Amino acid sequence: MGGEDENYYGKHGEPQKYDPNFKGPTKDRGCTDIICCILLFIAIIGYFAVGIVAWTHGDPRKVIYPTNSRGEFCGQAGTPNENKPLLFYFNIAKCVSPLVLLEFQCPTTQICVEKCPERYMTYIAASSRRAPASDLEYYKQFCVPGFSNAGKSVPEVLRDKDCPAMLIPSKPLTQRCLPAVSKQNGVITVANKTTYEDGEAHTMNITDQVEGAKKANVVLEARQVGMKIFEDFTVSWYWIIIALVIAMLLSLLFVVLLRFLAGIMVWVMIVLVIIVLGYGIFHCSMEYVRLKGDPGADVTLKDLGFQTDLRVYLHLRQTWLAFIIILCIVEVLIILLLIFLRKRILIAISLIKEASRAIGYVMSSLFFPLLTFLLVCLVIAYWAITAVFLSTSQEAVYKVFNETTCEYARTTCNPETFNTTNITKTCPDARCLFAFYGGESYYHKYLIFFQIYNAFMFLWLANFVIALGQVTLAGAFSSYYWAFNKPDDMPAFPISASMGRALRYHTGSLAFGSLILAIVQLIRIMLEYLDHKLKGAENKCARFLLCCLKCCFWCLEKFIKFLNRNAYIMIAIYGTNFCTSARNAFFLLMRNIIRVAVLDKVTDFLLFLGKLLVVGCVGILSFFFFTNRIDVIKDTSPPLNYYWVPILTVIVGSYLIAHGFFSVYGMCVDTLFLCFCDDLERNDGSTERPYFMSPELREILLKDSDTSKASESQG
């Protein structure tokens, strides 16, 4: 065994040696990774410079307000269009042109209007002698500003694009007038026709517009779904906040109870998770049986296809059958894991109890994630604001649009002098319209690099804030473990002392670790962008290579996160630089790989069950509330287009909140586990070299260690 141990340690580094002066986190330490610290500060200064430049050139009104053909904002206070908040398209059918995808602008005249058209009408019919004078006055509000039909025939008005050829009923959507089309028996239909003596031409134009509306409906359907989702958020946001507050209180309650009743609470969480999943299976089974015999309930998901209204799927028996199968698989997997890992679970519970005692002495650690959360929100806010200003910091660009062949098509033009140029003579139907926001200055040419830098700095700073939180908690919990007389040998304020050491000595190391992770994440984002661009490509070799790269970088990101987490623990304890800490942490874990696999990960599994329980309880409660299935408060829930919107928001938010609270336990367990492995190598339990671990932890873990060694020797 001795030769095997020497060979083992030779493969995975040298074990820690006994040091009589080691009493926990090193106090006599120096600054580490100074170059990375300087690089971070320079990058932050550059980030502020980018923000200032973006705020100088940017104009968020371009996002808030729609823009007409002259680049003027609709509905903005203090402008001629102040009372005209909606954008009207002369011919919405042209919005299905490929030009829209290239330049984000429809090749048709667009004006700001006070309200959208409410009835069908053609300019021919409105200007007819038999039509009431009020019809022409109504029609003029959808013509270009200052239009007067005096001295102009109908063909001349339509040729000069002074008025649209036809008005069709429209509804405002994202401050734009879009066709109010509806489906009847799978066919797009229109209603409320108004005809006159020349109704034949009227009907023909309606047919053309409806055909265009059919095409436009395909393009605009996603936008309509997005608008409905936005409406759901506007009427349910306060209920979502209430649900997230409930999730926060529930998470805090579980964490506090874990502090005092760790063993009982773990088993309660396990049983409740099984019960919640069991109830889910029961509820889905009842819905499956209830739909038996209902007309249309036996339609398959394949035959139905994709529907934007997800409530349709809940009327299918196959949907509930899929839910039953998924929940049964999860339930069986959890039960099997509990059966086969029952002994390890007992040991993991002991480790959680020790973590509860550590948190009991460092109670401020329970609320420390709030500080991390606020700092991350600050980083997100700065990134989002800068991104908006960067995307709106371009100038209005006007281009020539025409319906026939023209040599000047898509060339840049000036709307103020356009009518005096030769373009109007060469191409009579050409129009100088606002195309997009851009520019030809150096700032606009390199704007894409500013946007990439903004994204990169967001990733770097967000990872840095998370790293700061991890190393702070690790330093506080390691001071508990390495205190021989607990809690007398612990510092008075472990969290503040640990954070002070991290910021004073190890900002460079945290910047180094977060920089590596940010680079990998940025590469992953670029690969996702390339994958999105190559979706329509037929080059299978390129798609396969891209898929392999995405998989490799995903694995690399997970490994770096794992390595960084343990490296930060070593930094908090010993004060070494990032590379040294990462190497020592990796070799220490490799020398205790069996304990890592069967103990540390079992503890993570138990904590994951706690998160799952919080998410399950809040998710079920929100499901019954938003679907009006609670009779007591049935009239309280808001009217929704898609009730899954607030439910999914609550579920995702609840998981993030639960993860924030349970991450304190996760970091505590990882720190204590690494300290335990280090303690075993430094000390032997004798009077001269006593263990620092508590008697309860020593009894469980050392007994498990002896059992593992005995089983290995028998093997």
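The model looked at here is a predicted one. Tyr 481 also turns up, together with Trp 460 and Leu 606, as one of the residues that touch the most other members of the largest nonpolar core, a set of 105 residues. The biggest contributor to this core is helix 16, spanning residues 447–481, which puts in 18 residues. Apart from this core lies another one, made of 20 residues, including Ile 111, Ala 126, Tyr 139 and Val 157.

Stepping back to the whole protein chain, there are 23 helices and ten strands. The chain runs to 715 residues, and 44% of them are buried.

Now for how some of the helices pack. In general, a pair of packed helices is described by two things, the angle between the axes and the distance between them. Helix 16 packs against helix 19 at an angle of about 50°, and their axes are 8 Å apart. An angle like that makes helix 16 oblique to helix 19. Their crossing is right-handed. On the helix 16 side, the residues that meet helix 19 are Ala 467, Gln 470, Val 471, Ala 474, Gly 475 and Ser 478. Facing them from helix 19 are Arg 565, Tyr 568, Ile 569, Ile 571, Ala 572 and Ile 573.

Helix 19, which covers residues 540–574, also packs with helix 18, residues 507–533. Here the angle is about 165° and the axes are 10 Å apart. Since angles over 145 degrees count as roughly antiparallel, helix 18 is therefore roughly antiparallel to helix 19. The crossing of helix 18 and helix 19 is left-handed.

Within helix 18 sits Thr 507. Its relative accessibility is 9%, so Thr 507 counts as buried, the cut-off being under 20%. Not counting residues up to four places away in sequence, Thr 507 touches Cys 37, Leu 40, Phe 464 and Ala 502.

Another threonine, Thr 649, belongs to helix 22, which takes in residues 644–682. Thr 649 has a relative accessible area of 26%, so it is partly exposed; that label covers values between 20% and 50%. The side chain of Thr 649 reaches back to the backbone oxygen of Val 645, at 2.7 Å. Setting aside residues up to four places away in sequence, Thr 649 touches Phe 233 and Ile 240. The C-alpha atoms of Thr 649 and Ala 243 are separated by 9.8 Å, although these two residues are 406 residues apart along the chain.

Asp 33 is not a glycine, yet its phi is positive, at about 50°. Asp 33 lies in the loop between helix 1 (2–11) and helix 2 (34–57).

Note on methods
Residues are numbered from 1 along each chain as its sequence is written. This is a predicted model: local features need pLDDT of at least 70, side-chain atom pairs count only at pLDDT 80 or more; totals for chains, interfaces and linings use all residues. Side-chain values use heavy atoms; hydrogens and water are left out. A nonpolar core is a set of buried Ala, Val, Leu, Ile, Met, Phe, Trp, Tyr and Cys residues joined through side-chain atoms within 4.5 Å. Buried means under 20% relative accessible area, exposed over 50%, partly exposed in between (1.4 Å probe, protein chains only). Helices (H or I, at least four residues) and strands (E, at least two) are DSSP runs, numbered from the N terminus. Contact means heavy atoms within 4.5 Å. A polar contact is a pair of N or O atoms within 3.5 Å; within protein, one must be able to donate a hydrogen and the other to accept it, and residues adjacent in sequence count only if both atoms are side-chain atoms. Axes are lines fitted to C-alpha atoms, for helices over the stretch in contact, and angles run from 0 to 180 degrees between N-to-C directions. Angles under 35 degrees count as roughly parallel, over 145 as roughly antiparallel, 65 to 115 as roughly perpendicular and the rest as oblique. A crossing is left-handed if the near helix is turned anticlockwise from the far one by less than a right angle, and right-handed if clockwise.
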